[in-house]
Amino acid sequence: MNHLKLMRFIVGCLVIVATVKYLFRSSSSSGTQEKSQQIRQGGAFWAQHRFPVDNQIDPLKKEPGQQVNPDSLNVQPEKPVDVLSMQEEEPDNSVATPFQIVHLDLKGAPPKVKYLEQLFPLIASLGANGILLEYEDMFPYEGELEILKSSFAYSPEDIEEIKSLAKRHHLELIPLVQVFGHLEFVLKHQKYFSLREVAEYPNSLNSLAPGSLDLVKEMLTQVMRKHPEAKWFHIGADEVRVLGESEDSKRWLEANNGDMGKLFLNHVTAVGRFMKETRPKIKLILWDDMLRKLNSNSMQESGLQNIASPMIWNYLPNMDVGEIGNLISKYEQAGFKGVWFASAFKGASGIDQRWTPIDHHLKNHLQWQEVIASMPQYKSISFQGITVTGWQRYEHHTVLCELLPVAIPSLAVCLQTLKYGSFNEMARSEIQRILGCEIQLDTNDCKGTSFPGSDIYDMVSKINNNLEISIEKIMKNYHIRGSFSSYNRKRNFANPRNLGFFRDSLIKLLDEWDSFLLTFRRSMEAIFYPDTLEEWLEENVNEHIERLHKMVIDVERIIKLNGQPKMDSLKMR
(Lines give C-alpha, C1' and ligand atoms only; values in the text may rest on other atoms or scores of the structure.)
Protein backbone atom coordinates (compact mmCIF):
# COMPACT_ATOMS: atom_id res chain seq x y z
CA MET A 1 0.00 0.00 0.00
CA ASN A 2 2.82 2.37 0.95
CA HIS A 3 4.57 1.37 -2.25
CA LEU A 4 1.46 2.36 -4.31
CA LYS A 5 1.27 5.78 -2.60
CA LEU A 6 4.95 6.35 -3.33
CA MET A 7 4.44 5.58 -7.00
CA ARG A 8 1.46 8.02 -7.20
CA PHE A 9 3.56 10.74 -5.55
CA ILE A 10 6.44 10.27 -8.02
CA VAL A 11 4.07 10.37 -11.05
CA GLY A 12 2.40 13.54 -9.68
CA CYS A 13 5.79 15.25 -9.33
CA LEU A 14 6.77 14.34 -12.86
CA VAL A 15 3.49 15.78 -14.22
CA ILE A 16 4.07 19.04 -12.32
CA VAL A 17 7.67 19.36 -13.57
CA ALA A 18 6.60 18.66 -17.18
CA THR A 19 3.81 21.23 -16.97
CA VAL A 20 6.11 23.92 -15.58
CA LYS A 21 8.75 23.16 -18.24
CA TYR A 22 6.14 23.37 -21.03
CA LEU A 23 4.77 26.69 -19.78
CA PHE A 24 8.28 28.16 -19.44
CA ARG A 25 9.24 27.05 -22.99
CA SER A 26 6.04 28.57 -24.50
CA SER A 27 6.71 31.86 -22.74
CA SER A 28 10.34 31.89 -23.90
CA SER A 29 9.35 31.00 -27.47
CA SER A 30 6.75 33.77 -27.51
CA GLY A 31 9.29 36.31 -26.30
CA THR A 32 11.85 35.18 -28.84
CA GLN A 33 9.28 35.32 -31.63
CA GLU A 34 8.25 38.84 -30.60
CA LYS A 35 11.87 40.05 -30.52
CA SER A 36 12.64 38.36 -33.81
CA GLN A 37 9.61 40.05 -35.34
CA GLN A 38 11.09 43.44 -34.33
CA ILE A 39 14.07 42.63 -36.51
CA ARG A 40 12.50 41.18 -39.60
CA GLN A 41 9.14 43.02 -39.89
CA GLY A 42 7.70 40.74 -42.54
CA GLY A 43 10.61 38.53 -43.47
CA ALA A 44 8.31 36.16 -45.37
CA PHE A 45 8.36 38.59 -48.29
CA TRP A 46 12.14 38.47 -48.54
CA ALA A 47 12.03 34.69 -48.55
CA GLN A 48 10.17 35.03 -51.86
CA HIS A 49 12.00 38.04 -53.33
CA ARG A 50 15.73 38.01 -52.67
CA PHE A 51 17.96 40.82 -53.83
CA PRO A 52 21.75 40.84 -54.03
CA VAL A 53 23.30 42.32 -50.88
CA ASP A 54 26.71 43.92 -50.92
CA ASN A 55 28.99 41.98 -48.60
CA GLN A 56 30.45 45.20 -47.24
CA ILE A 57 27.06 46.31 -45.89
CA ASP A 58 26.12 45.25 -42.38
CA PRO A 59 22.78 43.40 -42.71
CA LEU A 60 21.67 44.68 -39.31
CA LYS A 61 21.92 48.32 -40.39
CA LYS A 62 18.44 48.44 -41.85
CA GLU A 63 16.08 51.19 -42.83
CA PRO A 64 12.88 51.43 -40.77
CA GLY A 65 10.22 49.47 -42.60
CA GLN A 66 12.85 47.75 -44.75
CA GLN A 67 12.64 43.98 -44.47
CA VAL A 68 15.48 41.50 -44.17
CA ASN A 69 15.52 37.75 -44.50
CA PRO A 70 15.67 36.30 -40.97
CA ASP A 71 17.39 33.19 -42.32
CA SER A 72 20.44 35.31 -43.14
CA LEU A 73 20.77 36.69 -39.61
CA ASN A 74 22.05 35.03 -36.44
CA VAL A 75 19.22 36.37 -34.24
CA GLN A 76 20.05 36.65 -30.54
CA PRO A 77 16.74 36.98 -28.65
CA GLU A 78 18.40 38.36 -25.54
CA LYS A 79 19.64 41.40 -27.52
CA PRO A 80 16.58 42.67 -29.44
CA VAL A 81 16.91 45.47 -31.96
CA ASP A 82 15.04 48.61 -30.86
CA VAL A 83 13.19 49.59 -34.04
CA LEU A 84 12.02 52.93 -32.65
CA SER A 85 15.51 54.02 -31.71
CA MET A 86 16.70 53.02 -35.18
CA GLN A 87 14.07 55.27 -36.70
CA GLU A 88 15.32 58.17 -34.61
CA GLU A 89 18.95 57.78 -35.65
CA GLU A 90 19.77 60.85 -37.72
CA PRO A 91 20.97 61.14 -40.35
CA ASP A 92 22.36 57.60 -40.82
CA ASN A 93 20.00 55.75 -43.15
CA SER A 94 22.09 52.68 -44.01
CA VAL A 95 20.06 49.85 -45.41
CA ALA A 96 20.73 46.13 -45.68
CA THR A 97 18.96 45.90 -49.02
CA PRO A 98 18.83 49.22 -50.88
CA PHE A 99 15.45 50.30 -52.12
CA GLN A 100 14.41 49.67 -55.71
CA ILE A 101 11.58 52.14 -56.15
CA VAL A 102 9.20 52.56 -59.09
CA HIS A 103 8.10 56.15 -59.71
CA LEU A 104 4.52 56.82 -60.79
CA ASP A 105 4.09 60.32 -62.23
CA LEU A 106 0.44 61.28 -61.84
CA LYS A 107 0.59 64.66 -63.57
CA GLY A 108 -0.51 62.96 -66.76
CA ALA A 109 -2.51 59.81 -67.60
CA PRO A 110 -2.97 58.77 -63.96
CA PRO A 111 -4.19 55.16 -63.80
CA LYS A 112 -7.38 54.18 -62.04
CA VAL A 113 -6.99 52.33 -58.75
CA LYS A 114 -8.38 49.17 -60.38
CA TYR A 115 -5.30 49.11 -62.63
CA LEU A 116 -3.00 49.63 -59.65
CA GLU A 117 -4.54 46.48 -58.15
CA GLN A 118 -2.94 44.58 -61.04
CA LEU A 119 0.17 46.74 -61.34
CA PHE A 120 1.47 46.63 -57.75
CA PRO A 121 1.84 42.82 -57.56
CA LEU A 122 3.52 42.90 -60.98
CA ILE A 123 5.98 45.56 -59.81
CA ALA A 124 6.77 43.52 -56.70
CA SER A 125 7.29 40.33 -58.70
CA LEU A 126 9.78 42.17 -60.94
CA GLY A 127 11.97 43.03 -57.95
CA ALA A 128 10.82 46.46 -56.75
CA ASN A 129 10.21 47.09 -53.06
CA GLY A 130 8.71 50.57 -53.15
CA ILE A 131 6.58 53.13 -54.98
CA LEU A 132 7.36 56.84 -55.32
CA LEU A 133 3.95 58.45 -55.82
CA GLU A 134 4.16 61.91 -57.37
CA TYR A 135 0.66 63.18 -56.70
CA GLU A 136 0.59 66.63 -58.33
CA ASP A 137 -3.10 67.46 -58.91
CA MET A 138 -4.33 63.90 -58.27
CA PHE A 139 -4.26 64.35 -54.49
CA PRO A 140 -7.67 65.15 -52.92
CA TYR A 141 -6.73 68.55 -51.51
CA GLU A 142 -9.34 70.11 -49.24
CA GLY A 143 -10.43 73.50 -47.94
CA GLU A 144 -8.45 76.43 -49.33
CA LEU A 145 -6.44 74.03 -51.49
CA GLU A 146 -9.41 72.30 -53.11
CA ILE A 147 -8.82 74.32 -56.27
CA LEU A 148 -5.55 72.40 -56.83
CA LYS A 149 -7.10 69.01 -57.42
CA SER A 150 -7.96 67.62 -60.83
CA SER A 151 -11.54 66.84 -61.82
CA PHE A 152 -10.49 63.19 -61.67
CA ALA A 153 -8.39 63.38 -58.49
CA TYR A 154 -8.22 60.29 -56.30
CA SER A 155 -10.72 60.28 -53.44
CA PRO A 156 -9.64 59.80 -49.81
CA GLU A 157 -10.96 56.24 -50.17
CA ASP A 158 -8.77 55.74 -53.23
CA ILE A 159 -5.74 56.86 -51.23
CA GLU A 160 -6.54 54.33 -48.52
CA GLU A 161 -6.88 51.60 -51.13
CA ILE A 162 -3.54 52.55 -52.72
CA LYS A 163 -1.87 52.39 -49.30
CA SER A 164 -3.49 49.03 -48.62
CA LEU A 165 -2.29 47.67 -51.98
CA ALA A 166 1.27 48.85 -51.31
CA LYS A 167 1.27 47.24 -47.86
CA ARG A 168 -0.20 44.01 -49.17
CA HIS A 169 2.58 43.69 -51.74
CA HIS A 170 5.38 44.85 -49.42
CA LEU A 171 6.00 48.09 -51.30
CA GLU A 172 7.27 51.08 -49.34
CA LEU A 173 5.00 53.97 -50.34
CA ILE A 174 6.82 57.32 -50.60
CA PRO A 175 4.71 60.41 -51.35
CA LEU A 176 6.24 63.18 -53.50
CA VAL A 177 5.07 66.79 -53.29
CA GLN A 178 6.88 69.59 -55.11
CA VAL A 179 7.74 72.55 -52.86
CA PHE A 180 9.65 75.01 -55.11
CA GLY A 181 9.94 74.32 -58.84
CA HIS A 182 7.42 72.43 -60.99
CA LEU A 183 4.52 74.05 -59.17
CA GLU A 184 2.64 74.81 -62.38
CA PHE A 185 -0.40 72.88 -61.14
CA VAL A 186 -0.63 75.36 -58.25
CA LEU A 187 0.60 78.61 -59.76
CA LYS A 188 -1.59 78.29 -62.88
CA HIS A 189 -4.53 79.36 -60.71
CA GLN A 190 -5.15 83.10 -60.52
CA LYS A 191 -5.54 82.76 -56.78
CA TYR A 192 -1.79 82.08 -56.56
CA PHE A 193 -0.46 84.39 -59.30
CA SER A 194 1.08 86.63 -56.64
CA LEU A 195 3.29 83.75 -55.46
CA ARG A 196 5.01 83.24 -58.82
CA GLU A 197 8.72 83.94 -59.09
CA VAL A 198 8.03 85.59 -62.45
CA ALA A 199 4.53 86.96 -62.98
CA GLU A 200 4.18 85.59 -66.52
CA TYR A 201 5.37 82.04 -65.77
CA PRO A 202 3.76 79.40 -63.52
CA ASN A 203 6.94 77.31 -63.10
CA SER A 204 8.38 78.30 -59.73
CA LEU A 205 7.42 79.69 -56.37
CA ASN A 206 8.68 83.03 -55.10
CA SER A 207 9.93 81.74 -51.77
CA LEU A 208 10.18 85.29 -50.37
CA ALA A 209 6.59 86.28 -51.13
CA PRO A 210 4.27 86.44 -48.11
CA GLY A 211 2.18 83.29 -48.00
CA SER A 212 4.52 81.08 -50.07
CA LEU A 213 5.85 78.98 -47.22
CA ASP A 214 2.39 78.78 -45.64
CA LEU A 215 1.01 77.41 -48.92
CA VAL A 216 3.71 74.72 -49.10
CA LYS A 217 3.23 73.81 -45.44
CA GLU A 218 -0.50 73.33 -45.93
CA MET A 219 0.03 71.14 -48.99
CA LEU A 220 2.54 68.98 -47.13
CA THR A 221 0.34 68.81 -44.03
CA GLN A 222 -2.64 67.53 -45.98
CA VAL A 223 -0.58 64.85 -47.73
CA MET A 224 1.17 63.79 -44.50
CA ARG A 225 -2.21 63.56 -42.80
CA LYS A 226 -3.26 60.98 -45.38
CA HIS A 227 0.08 59.15 -44.99
CA PRO A 228 0.72 58.93 -41.23
CA GLU A 229 2.62 55.66 -41.76
CA ALA A 230 5.09 57.08 -44.31
CA LYS A 231 8.73 56.68 -43.30
CA TRP A 232 10.09 58.55 -46.32
CA PHE A 233 8.84 61.69 -48.07
CA HIS A 234 10.14 63.31 -51.27
CA ILE A 235 9.95 67.12 -51.45
CA GLY A 236 10.97 67.46 -55.11
CA ALA A 237 12.80 70.82 -55.42
CA ASP A 238 14.23 70.20 -58.89
CA GLU A 239 14.46 72.56 -61.86
CA VAL A 240 13.51 75.77 -60.07
CA ARG A 241 13.21 77.78 -63.28
CA VAL A 242 13.77 81.57 -63.28
CA LEU A 243 14.98 81.49 -59.66
CA GLY A 244 16.28 84.91 -58.66
CA GLU A 245 14.27 86.90 -61.23
CA SER A 246 11.49 88.28 -59.02
CA GLU A 247 11.92 91.75 -57.52
CA ASP A 248 11.91 90.16 -54.05
CA SER A 249 14.73 87.81 -55.05
CA LYS A 250 16.75 90.54 -56.74
CA ARG A 251 16.64 92.68 -53.59
CA TRP A 252 17.60 89.68 -51.45
CA LEU A 253 20.48 88.75 -53.77
CA GLU A 254 21.77 92.31 -53.75
CA ALA A 255 21.87 92.24 -49.96
CA ASN A 256 23.48 88.76 -49.86
CA ASN A 257 26.35 89.00 -52.35
CA GLY A 258 24.30 87.41 -55.14
CA ASP A 259 24.31 84.03 -53.37
CA MET A 260 21.75 82.15 -55.49
CA GLY A 261 22.62 78.87 -53.78
CA LYS A 262 21.74 80.27 -50.39
CA LEU A 263 18.43 81.59 -51.76
CA PHE A 264 17.58 78.05 -52.80
CA LEU A 265 18.91 76.40 -49.65
CA ASN A 266 17.05 78.77 -47.33
CA HIS A 267 13.70 77.67 -48.70
CA VAL A 268 14.31 73.91 -48.89
CA THR A 269 15.82 73.82 -45.39
CA ALA A 270 12.85 75.80 -44.05
CA VAL A 271 10.53 73.25 -45.64
CA GLY A 272 12.65 70.38 -44.34
CA ARG A 273 12.68 71.73 -40.79
CA PHE A 274 8.92 72.13 -40.88
CA MET A 275 8.59 68.50 -41.96
CA LYS A 276 10.92 67.29 -39.20
CA GLU A 277 9.12 69.36 -36.57
CA THR A 278 5.80 67.93 -37.73
CA ARG A 279 7.03 64.36 -38.10
CA PRO A 280 10.40 63.93 -36.34
CA LYS A 281 10.92 60.38 -37.64
CA ILE A 282 10.23 61.16 -41.30
CA LYS A 283 13.19 60.85 -43.67
CA LEU A 284 13.30 63.34 -46.52
CA ILE A 285 14.56 63.11 -50.09
CA LEU A 286 15.03 65.85 -52.70
CA TRP A 287 16.19 65.90 -56.31
CA ASP A 288 19.84 66.93 -56.51
CA ASP A 289 20.12 69.06 -59.67
CA MET A 290 19.85 72.41 -57.85
CA LEU A 291 22.69 71.30 -55.56
CA ARG A 292 25.13 70.39 -58.32
CA LYS A 293 26.60 73.87 -58.77
CA LEU A 294 26.87 74.54 -55.04
CA ASN A 295 30.06 73.88 -53.10
CA SER A 296 30.05 71.46 -50.20
CA ASN A 297 30.64 74.23 -47.63
CA SER A 298 27.47 76.07 -48.64
CA MET A 299 25.41 72.92 -48.26
CA GLN A 300 27.01 72.08 -44.94
CA GLU A 301 26.40 75.56 -43.54
CA SER A 302 22.71 75.32 -44.45
CA GLY A 303 22.25 72.16 -42.36
CA LEU A 304 20.46 70.42 -45.23
CA GLN A 305 22.64 67.32 -44.76
CA ASN A 306 20.94 66.75 -41.39
CA ILE A 307 17.46 67.06 -42.88
CA ALA A 308 17.34 65.29 -46.26
CA SER A 309 19.18 63.00 -48.68
CA PRO A 310 19.89 64.00 -52.30
CA MET A 311 18.57 61.88 -55.16
CA ILE A 312 21.00 62.12 -58.10
CA TRP A 313 19.13 61.76 -61.36
CA ASN A 314 20.38 61.05 -64.85
CA TYR A 315 18.36 59.39 -67.61
CA LEU A 316 20.85 59.38 -70.48
CA PRO A 317 22.03 56.15 -72.14
CA ASN A 318 25.56 57.55 -72.26
CA MET A 319 25.70 59.33 -68.91
CA ASP A 320 29.05 60.40 -67.49
CA VAL A 321 29.70 57.87 -64.71
CA GLY A 322 32.76 59.82 -63.56
CA GLU A 323 30.72 62.99 -63.12
CA ILE A 324 28.21 61.06 -60.99
CA GLY A 325 31.15 59.98 -58.83
CA ASN A 326 32.19 63.62 -58.42
CA LEU A 327 28.69 64.50 -57.22
CA ILE A 328 28.71 61.67 -54.68
CA SER A 329 32.07 62.89 -53.35
CA LYS A 330 30.76 66.44 -53.09
CA TYR A 331 27.68 65.34 -51.16
CA GLU A 332 29.85 63.17 -48.90
CA GLN A 333 32.05 66.19 -48.16
CA ALA A 334 28.93 68.24 -47.41
CA GLY A 335 28.06 65.76 -44.68
CA PHE A 336 25.19 63.83 -46.27
CA LYS A 337 25.06 60.32 -44.86
CA GLY A 338 22.86 58.84 -47.56
CA VAL A 339 22.44 59.26 -51.31
CA TRP A 340 19.78 58.04 -53.72
CA PHE A 341 19.96 57.53 -57.47
CA ALA A 342 17.27 57.94 -60.14
CA SER A 343 17.19 56.26 -63.54
CA ALA A 344 14.24 56.13 -65.96
CA PHE A 345 12.14 53.45 -67.62
CA LYS A 346 9.92 55.86 -69.59
CA GLY A 347 9.23 59.51 -70.32
CA ALA A 348 12.86 60.57 -70.63
CA SER A 349 13.74 59.96 -74.28
CA GLY A 350 11.55 62.55 -76.00
CA ILE A 351 9.01 65.12 -74.91
CA ASP A 352 6.27 63.56 -77.07
CA GLN A 353 7.55 59.97 -77.10
CA ARG A 354 4.80 57.48 -77.97
CA TRP A 355 6.71 54.16 -77.97
CA THR A 356 9.25 53.34 -75.27
CA PRO A 357 12.81 52.72 -76.52
CA ILE A 358 13.77 49.80 -74.26
CA ASP A 359 17.39 49.77 -75.38
CA HIS A 360 17.81 53.45 -74.43
CA HIS A 361 16.69 52.77 -70.86
CA LEU A 362 18.65 49.53 -70.56
CA LYS A 363 21.88 51.39 -71.36
CA ASN A 364 21.02 53.96 -68.70
CA HIS A 365 20.63 51.22 -66.09
CA LEU A 366 23.82 49.43 -67.06
CA GLN A 367 25.69 52.65 -66.34
CA TRP A 368 23.90 53.12 -63.04
CA GLN A 369 25.04 49.58 -62.18
CA GLU A 370 28.63 50.82 -62.51
CA VAL A 371 27.90 53.64 -60.09
CA ILE A 372 26.22 51.31 -57.59
CA ALA A 373 29.17 48.92 -57.77
CA SER A 374 31.53 51.80 -56.91
CA MET A 375 29.74 52.79 -53.70
CA PRO A 376 31.94 50.82 -51.24
CA GLN A 377 34.77 53.31 -51.90
CA TYR A 378 32.77 56.06 -50.18
CA LYS A 379 33.31 55.65 -46.47
CA SER A 380 30.81 58.07 -44.92
CA ILE A 381 27.92 58.16 -47.37
CA SER A 382 25.74 55.13 -48.07
CA PHE A 383 23.63 54.07 -51.02
CA GLN A 384 19.97 54.26 -50.00
CA GLY A 385 18.39 52.98 -53.18
CA ILE A 386 17.49 53.74 -56.77
CA THR A 387 14.24 55.12 -58.12
CA VAL A 388 13.29 53.98 -61.60
CA THR A 389 11.34 57.00 -62.80
CA GLY A 390 8.43 56.87 -65.22
CA TRP A 391 7.72 60.41 -66.35
CA GLN A 392 4.32 61.05 -67.90
CA ARG A 393 4.97 64.67 -68.85
CA TYR A 394 8.09 66.81 -68.85
CA GLU A 395 6.04 69.41 -66.99
CA HIS A 396 2.40 70.18 -66.23
CA HIS A 397 1.66 72.02 -69.50
CA THR A 398 3.46 69.70 -71.96
CA VAL A 399 2.08 66.73 -73.89
CA LEU A 400 1.85 63.15 -72.69
CA CYS A 401 4.83 60.82 -72.96
CA GLU A 402 4.39 57.05 -73.33
CA LEU A 403 1.38 55.53 -71.61
CA LEU A 404 2.25 53.38 -68.60
CA PRO A 405 1.18 50.00 -70.10
CA VAL A 406 3.35 50.72 -73.15
CA ALA A 407 6.40 51.00 -70.87
CA ILE A 408 5.85 47.84 -68.78
CA PRO A 409 8.40 45.77 -70.78
CA SER A 410 10.94 48.57 -70.34
CA LEU A 411 10.23 48.65 -66.60
CA ALA A 412 10.75 44.89 -66.43
CA VAL A 413 14.09 45.13 -68.26
CA CYS A 414 15.26 47.92 -65.95
CA LEU A 415 14.28 46.18 -62.71
CA GLN A 416 15.70 42.83 -63.76
CA THR A 417 18.95 44.50 -64.85
CA LEU A 418 19.23 46.02 -61.38
CA LYS A 419 18.47 42.65 -59.82
CA TYR A 420 21.03 40.64 -61.82
CA GLY A 421 23.59 43.37 -62.50
CA SER A 422 23.16 42.99 -66.25
CA PHE A 423 20.51 42.02 -68.77
CA ASN A 424 21.60 38.39 -68.86
CA GLU A 425 19.75 35.18 -69.72
CA MET A 426 18.34 34.87 -66.22
CA ALA A 427 16.85 38.36 -66.51
CA ARG A 428 15.43 37.54 -69.95
CA SER A 429 13.85 34.27 -68.84
CA GLU A 430 12.36 35.81 -65.71
CA ILE A 431 10.74 38.59 -67.76
CA GLN A 432 9.34 36.01 -70.15
CA ARG A 433 7.92 34.07 -67.21
CA ILE A 434 6.37 37.14 -65.54
CA LEU A 435 5.21 39.16 -68.58
CA GLY A 436 4.60 36.27 -70.93
CA CYS A 437 6.62 37.89 -73.71
CA GLU A 438 10.10 37.84 -75.17
CA ILE A 439 12.12 41.07 -75.14
CA GLN A 440 13.54 42.05 -78.53
CA LEU A 441 15.98 44.91 -78.06
CA ASP A 442 16.63 45.41 -81.77
CA THR A 443 12.98 46.35 -82.35
CA ASN A 444 12.24 47.70 -78.84
CA ASP A 445 9.42 45.21 -78.56
CA CYS A 446 8.07 42.43 -76.36
CA LYS A 447 6.48 39.67 -78.42
CA GLY A 448 3.59 37.65 -76.99
CA THR A 449 2.40 39.99 -74.25
CA SER A 450 0.07 38.92 -71.43
CA PHE A 451 0.69 41.44 -68.62
CA PRO A 452 -1.84 43.91 -67.15
CA GLY A 453 -2.52 46.49 -69.84
CA SER A 454 -0.95 44.39 -72.60
CA ASP A 455 -4.01 44.96 -74.81
CA ILE A 456 -3.20 48.68 -74.80
CA TYR A 457 0.46 47.84 -75.44
CA ASP A 458 -0.49 45.85 -78.56
CA MET A 459 -2.98 48.42 -79.83
CA VAL A 460 -0.64 51.39 -79.37
CA SER A 461 1.95 49.35 -81.25
CA LYS A 462 -0.48 48.96 -84.15
CA ILE A 463 -1.35 52.67 -84.12
CA ASN A 464 2.30 53.62 -83.92
CA ASN A 465 3.37 51.31 -86.74
CA ASN A 466 0.37 51.25 -89.08
CA LEU A 467 -2.09 54.14 -88.80
CA GLU A 468 -0.23 56.89 -90.62
CA ILE A 469 1.51 54.43 -92.93
CA SER A 470 -1.78 52.82 -94.02
CA ILE A 471 -3.16 56.21 -95.04
CA GLU A 472 0.02 57.22 -96.82
CA LYS A 473 -0.07 53.92 -98.69
CA ILE A 474 -3.58 54.44 -100.03
CA MET A 475 -2.71 58.03 -100.95
CA LYS A 476 -0.16 56.60 -103.41
CA ASN A 477 -2.98 54.96 -105.36
CA TYR A 478 -2.76 55.88 -109.06
CA HIS A 479 -6.32 57.19 -109.27
CA ILE A 480 -6.17 59.12 -105.99
CA ARG A 481 -3.05 60.89 -107.21
CA GLY A 482 -4.55 61.50 -110.64
CA SER A 483 -8.22 62.26 -109.94
CA PHE A 484 -8.62 63.06 -106.24
CA SER A 485 -6.20 65.88 -105.51
CA SER A 486 -7.06 68.73 -103.16
CA TYR A 487 -7.84 70.81 -106.29
CA ASN A 488 -10.30 68.18 -107.57
CA ARG A 489 -11.97 67.80 -104.21
CA LYS A 490 -12.32 71.52 -103.59
CA ARG A 491 -13.98 72.05 -107.00
CA ASN A 492 -16.05 68.84 -107.01
CA PHE A 493 -14.38 67.95 -110.30
CA ALA A 494 -13.63 64.31 -111.03
CA ASN A 495 -14.62 61.39 -113.22
CA PRO A 496 -16.81 59.02 -111.14
CA ARG A 497 -15.32 56.05 -112.99
CA ASN A 498 -11.83 56.90 -111.71
CA LEU A 499 -13.10 57.43 -108.16
CA GLY A 500 -14.76 54.04 -108.27
CA PHE A 501 -11.38 52.33 -108.54
CA PHE A 502 -10.44 53.25 -104.94
CA ARG A 503 -13.76 54.12 -103.25
CA ASP A 504 -14.33 50.68 -101.68
CA SER A 505 -10.72 50.40 -100.47
CA LEU A 506 -10.97 53.80 -98.85
CA ILE A 507 -14.22 52.98 -97.05
CA LYS A 508 -12.86 49.60 -95.95
CA LEU A 509 -9.75 51.22 -94.45
CA LEU A 510 -11.85 53.74 -92.54
CA ASP A 511 -14.22 51.03 -91.25
CA GLU A 512 -11.30 48.91 -90.07
CA TRP A 513 -9.75 51.78 -88.12
CA ASP A 514 -13.11 52.91 -86.70
CA SER A 515 -13.79 49.38 -85.44
CA PHE A 516 -10.27 49.06 -84.04
CA LEU A 517 -10.48 52.41 -82.25
CA LEU A 518 -13.79 51.45 -80.65
CA THR A 519 -12.00 48.51 -78.99
CA PHE A 520 -9.06 50.75 -78.11
CA ARG A 521 -11.40 53.21 -76.38
CA ARG A 522 -12.89 50.45 -74.23
CA SER A 523 -9.46 49.22 -73.16
CA MET A 524 -8.27 52.74 -72.36
CA GLU A 525 -11.43 53.53 -70.37
CA ALA A 526 -10.77 50.48 -68.17
CA ILE A 527 -7.42 51.92 -67.05
CA PHE A 528 -7.52 55.70 -67.55
CA TYR A 529 -9.88 58.61 -66.94
CA PRO A 530 -11.76 60.29 -69.84
CA ASP A 531 -9.38 63.27 -70.09
CA THR A 532 -6.44 60.93 -70.78
CA LEU A 533 -8.30 59.14 -73.57
CA GLU A 534 -9.36 62.45 -75.12
CA GLU A 535 -5.84 63.90 -75.00
CA TRP A 536 -4.09 60.80 -76.31
CA LEU A 537 -6.47 60.43 -79.24
CA GLU A 538 -6.17 64.13 -80.06
CA GLU A 539 -2.39 63.95 -80.05
CA ASN A 540 -1.91 60.64 -81.84
CA VAL A 541 -5.00 59.53 -83.77
CA ASN A 542 -7.64 62.12 -84.61
CA GLU A 543 -5.69 63.99 -87.28
CA HIS A 544 -5.27 60.82 -89.34
CA ILE A 545 -8.80 59.47 -88.84
CA GLU A 546 -10.34 62.85 -89.65
CA ARG A 547 -8.32 62.87 -92.86
CA LEU A 548 -9.81 59.51 -93.81
CA HIS A 549 -13.34 60.61 -92.89
CA LYS A 550 -13.07 63.72 -95.08
CA MET A 551 -11.78 61.66 -98.00
CA VAL A 552 -14.73 59.25 -97.75
CA ILE A 553 -17.22 62.13 -97.53
CA ASP A 554 -15.65 63.85 -100.53
CA VAL A 555 -15.51 60.75 -102.73
CA GLU A 556 -19.18 59.91 -102.03
CA ARG A 557 -20.25 63.48 -102.79
CA ILE A 558 -18.27 63.86 -106.01
CA ILE A 559 -19.37 60.45 -107.38
CA LYS A 560 -22.99 61.60 -107.09
CA LEU A 561 -22.23 64.65 -109.29
CA ASN A 562 -21.66 62.36 -112.29
CA GLY A 563 -18.66 64.25 -113.67
CA GLN A 564 -20.24 67.72 -113.87
CA PRO A 565 -18.17 70.80 -114.76
CA LYS A 566 -15.87 72.05 -112.10
CA MET A 567 -17.06 74.68 -109.68
CA ASP A 568 -16.21 78.22 -110.75
CA SER A 569 -13.41 79.53 -108.53
CA LEU A 570 -15.05 82.98 -108.52
CA LYS A 571 -18.25 81.49 -107.11
CA MET A 572 -16.25 79.68 -104.42
CA ARG A 573 -15.10 82.97 -102.89
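**View 1. Ser 343 in strand β9.** Ser 343 sits in strand β9. Strands (E, at least two residues) and helices (H or I, at least four) are DSSP runs, numbered from the N terminus. The model is predicted: local features need pLDDT of at least 70, side-chain atom pairs count only at pLDDT 80 or more, and totals for chains, interfaces and linings use all residues. Residues are numbered from 1 along each chain as its sequence is written, and side-chain values use heavy atoms, with hydrogens and water left out. Ser 343 is buried, with a relative accessible area of 0%. Buried means under 20% relative accessible area (1.4 Å probe, protein chains only).

**View 2. The surroundings of Ser 343.** The side chain of Ser 343 makes a polar contact with the side chain of His 365, at 2.7 Å. A polar contact is a pair of N or O atoms within 3.5 Å; within protein, one must be able to donate a hydrogen and the other to accept it, and residues adjacent in sequence count only if both atoms are side-chain atoms. Leaving aside neighbours within four places in sequence, Ser 343 is in contact (heavy atoms within 4.5 Å) with residues including Asn 314, Tyr 315, Trp 368 and Thr 387.

**View 3. Leu 126 in a loop.** Leu 126 lies in the loop between α4 (113–125) and β2 (130–134). Leu 126 is buried, with a relative accessible area of 0%. Not counting residues up to four places away in sequence, Leu 126 touches Ala 412, Leu 415, Gln 416 and Ile 434. Leu 126 and Ile 434 are 308 residues apart along the chain, yet their C-alpha atoms are separated by 7.6 Å.

**View 4. The largest cavity.** The structure holds three cavities of 30 Å³ or more. The largest has a volume of about 70 Å³. On a 1 Å grid over the protein atoms alone, a cavity is a set of points where a 1.4 Å probe fits but cannot get out; lining residues have an atom within 4 Å of a point. Grid points are joined across faces, edges and corners, and a volume is the space filled by probe spheres set on the points. Among the lining residues of the largest cavity are His 103, Asp 105, Phe 345 and Lys 346. The elements giving two or more residues to this lining are β1 (99–105) and β9 (338–346). The largest share, three residues, comes from β1.

Note on methods: Buried means under 20% relative accessible area, exposed over 50%, partly exposed in between (1.4 Å probe, protein chains only). On a 1 Å grid over the protein atoms alone, a cavity is a set of points where a 1.4 Å probe fits but cannot get out, and a pocket is an open set with protein on both sides within 12 Å along at least five of seven lines; lining residues have an atom within 4 Å of a point.
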